[in-house]
Amino acid sequence: MMSQDQTTVAVELRHVVKKFGSFTAIRDAHLSIYDNEFFTLLGPSGCGKTTLLRLIAGFEEVTQGQVRLFGKDLQDLPPNRRPVNTVFQNYALFPHMTIAENVGFGVRMKGASQGEMQKTVERMLELVRLTDHAHKRPSQLSGGQQQRAALVRAIAPSPRVLLLDEPLSALDLKLRQAMRIELKQLQQETGITFIFVTHDQEEALSMSDRIAVMSDGVIQQVGPGREIYEHPRNRTVANFIGETNLLGAIVHEKSGSGATLTLEDGSRVMCTDNVPVGVGESGQVLIRPEKIVVSATESSSFGLHCKLASAVYLGTDTQYVLRTDGGLTLTARMQNVDDTAMQMSTGSSVVAMIEPAAIRWLADGD
Amino acid sequence: MATEIGRDDGQAAGAFDPLKYWLILPAWLVIGFFLLAPICLVLVFSFLTKEFRGGVIWEFSLAAYDQFLFDRGLFGDEPPRIQWTYIEVFGRSIFQAGMATLLCLVIGFPTAFYIATRPRRVRAVWLFLVTVPYWVNLLIRTVSMKFLLRDSGPLNEFLLFVGVVDEPLGIVNTGLAVQLGLFYSYLPFMVLPIFATVERYDFALSEAAADLYADRWTVLRKILLPIVAPGIVAGSILVFVPSLGAFLAPDMLGGAKNFMIGSLIDEQFNGNAGNWPFGSAASMILLSLVLVALFFYARQTGRQGRA
């Protein structure tokens with residue numbers, strides 16, 4: 001169920017530049033985030049994603065460009081006058097207040113009466129099952145509970161946009177996975193626009209309506225998770241999201257439905273992706289490991305003859321490292337549906353089959 | 001079984017390990033020699049009979065406390081009336097020390113806040129500068145304060161020159177001069193504890209509060225101040241207590257009218273009064289007042305912590 005409203009723009013960044021001294025943290029960020037959207041800023045640490053969030057919250061001022069909220073320029077508006085709330089990375093719960101006081105803080109500051117505030121606090125604590133902990137201090141709660149308290153503290157004043165700065169990074173894996181589902185549900189129930197910052201691609205893919213991949217202060221690509229995974233625009237995006245085989249290729253032949261490519265080792269593969277360059281020109285192709293089918297039998301004409309360099313059993317999957325006869329290294333990943341994995345031993349001859357549709361030509365082959 | 005074995009072990013370690021007690025000995029010696037013994041001595045002296053021109057006669061007497069509280073006339077034969085003189089001295093001391101503490105807080109808090117929010121390297125320089133006056137003897141600092149404040153001193157000269165005042169302000173020999181002197185003497189004691197708490201303060205909390213619609217004033221009042229309160233209280237105690245018993249600043253800067261407890265006690269041992277039991281009694285009363293105040297403070301904060 002996508003509750004996304006494509007007509008209303010919640011947050012708009014117009015050619016935003018942010019400099020700290022001579023260091024440029026954000027280069028020309030231009031982006032629209034829609035109302036009711038679960039939007040994720042994904043990138044490695046230091047890529048500028050948190051800075052972008054702080055610009056929207058108002059903790060930092062833009063050097064150039066504009067940040068607009070529902071069509072209104074936020075320039076010169078301090079954080080306390082922006083209808084935007086933040087869930088901080090380390091929660092930043094007020095240590096001298098109870099959980100109830102923490103959750104009620106923003107509601108009270110917004111001018112609600114004592115009664116209204118109490119009602120909201122009760123509703124919020126119920127929402128995240130913290131009712132029994134209402135009168136405890138933050139330090140008496142577990143990490144997951146603190147996280148949920150910080151979450152409802154930010155939601156309680158009903159902001160138009162909620163900013164989440166790596167809110168799950170301090171939790172252990174199990175809790176993190178449970179919180180993903182909870183966050184997504186919360187976003188759908190409240191209808192608040194979520195802008196979520198993370199460096200965890202799985203987190204981004206599992207929750208987001210759309211993802212912006214950032215690196216070095218540049219927004220590399222914006223789109224739904226599937227699009228970013230299947231059609232990464234460049235190497236940076238391809239490398240950051242998921243495992244990849246990035247191979248150099250030369251266009252050998254072009255036909256109506258695609259092209260035949262010559263890989264670095266001289267082997268030929270078919271590709272049905274849009275190849276925008278002419279015959280004889282070179283570029284890069286991307287093949288996801290799970291799209292490569294490894295088998296011991298030679299059944300396909302598209303197969304690449306390889307030696308199995310290693311097979312690592314990973315529970316649900318097995319990861320294979322293959323060396324083609326021409327000397328190219330490929331990584332493949334297959335689900336352990338049967339005992340195929342065990343039948344192939346290291347050093348044996350195998351065939352790697354790649355569907356023509358699974359080979360992506362990188363638009364920016366830099 | 002297991003517990004019994006455990007208890008045996010505990011006994012062995014507790015009862016038959018004299019080394020443990022020998023290790024605490026230095027601490028007890030220091031506390032006993034420098035804290036308990038002098039206080040006991042003063043307590044005992046306060047209940048003895050005075051010898052003229054200093055010293056005591058070893059004979060129990062309540063005369064010192066009686067002299068503090070009651071006025072029995074010149075020859076001691078009139079019906080007792082409440083002696084207000086010394087109570088006034090105490091009251092004035094508390095007021096002066098309180099004002100000095102307030103001054104230190106008003107100047108010290110922003111100073112500490114400023115230093116704590118500088119980059120780490122700059123911070124060290126500022127902290128060093130704050131403590132520099134302490135390298136000079138207190139007497140010299142107090143004398144130079146008098147020099148600065150006197151009618152023909154730099155402050156008045158400057159004010160006259162600029163034209164803010166027509167005649168010198170006459171600060172020396174007023175309560176204000178004493179407060180300024182105490183303020184100058186004890187300011188670092190306020191700055192350092194506040195610095196220590198502000199340095200540990202997580203400014204994400206201020207951001208979180210601002211994010212939740214609190215204006216700057218509210219952030220200060222509801223978030224920052226309550227969290228750094230322990231530093232403010234520690235600083236206030238560290239300034240107030242020595243100010244209360246100070247005698248250099250009131251003597252040098254306050255003149256005869258601004259006599260404080262410290263001077264009163266000093267008089268009894270060093271000065272002409274030469275009344276050791278009375279000086280001891282005044283000391284004990286001062287000590288009791290401070291302890292009672294600290295006790296109530298501790299109980300108050302203890303309650304807040306539990307709530």
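This report describes the overall build, the domains and some local features of a predicted model.

## Overall build of chain A

Chain A holds nine helices and 20 strands, and its C-alpha trace spans about 75 × 45 × 40 Å along the principal axes. Of the 366 residues in chain A, 40% are buried. When contacts in chain A between residues at least 6 apart in sequence are considered, 66% of them join residues at least 24 apart.

## Domains of the two chains

Chain A is divided into domain 1, covering residues 9–240, and domain 2, covering residues 245–361. The C-alpha centres of these two domains of chain A lie 39 Å apart, and four residues of domain 1 are in contact with four residues of domain 2. On the side of domain 1 of chain A that touches domain 2 of chain A, the residues by class are two nonpolar, one polar and one charged.

Chain B is likewise divided, with domain 1 at residues 2–82 and domain 2 at residues 89–274. The C-alpha centres of domain 1 and domain 2 of chain B lie 33 Å apart.

## An open antiparallel sheet in chain A

In chain A, four strands form an open sheet in the order E2-E1-E4-E5, and the pairing is antiparallel. The edge strands of this sheet are E2 (23–34) and E5 (72–73) of chain A, each of which pairs on one side only.

Within the sheet, strand E1 (residues 9–20) and strand E4 (residues 64–69) of chain A pair in the antiparallel sense over five bridges. Arg14(A) stands opposite Gln66(A), a residue of E4(A).

## A buried strand and its parallel partner

Strands of a sheet pair through backbone hydrogen bonds, and this pairing is either parallel or antiparallel. A parallel case is given by strand E6 (residues 84–87) and strand E7 (residues 161–165) of chain A, which are joined by four bridges. Asn85(A) stands opposite Leu162(A) in E7(A).

In a regular strand the side chains alternate between the two faces of the sheet. Along E6(A), Val84(A) and Thr86(A) point one way, while Asn85(A) and Val87(A) point the other way, and all of these residues are buried.

## A helix of chain B

H5(B) is hardly covered, since the count of buried residues among its twelve residues is zero.

Note on methods:
Residues are numbered from 1 along each chain as its sequence is written. Chains are lettered from A and ligands numbered from 1 in the order in which they are written. This is a predicted model: local features need pLDDT of at least 70, side-chain atom pairs count only at pLDDT 80 or more; totals for chains, interfaces and linings use all residues. Helices (H or I, at least four residues) and strands (E, at least two) are DSSP runs, numbered from the N terminus. A residue is buried if 20 or more other C-beta atoms lie within 10 Å of its own, exposed if 12 or fewer, and partly exposed in between; C-beta atoms are placed from the backbone. Two residues are in contact if their C-beta atoms, placed from the backbone, lie within 7 Å. Domain bounds come from an automatic or database domain assignment. Two strands pair if DSSP finds at least two bridges between them. Ala, Val, Leu, Ile, Met, Phe, Trp, Tyr, Cys and Pro count as nonpolar, Asp, Glu, Lys and Arg as charged, and the others, Gly among them, as polar.
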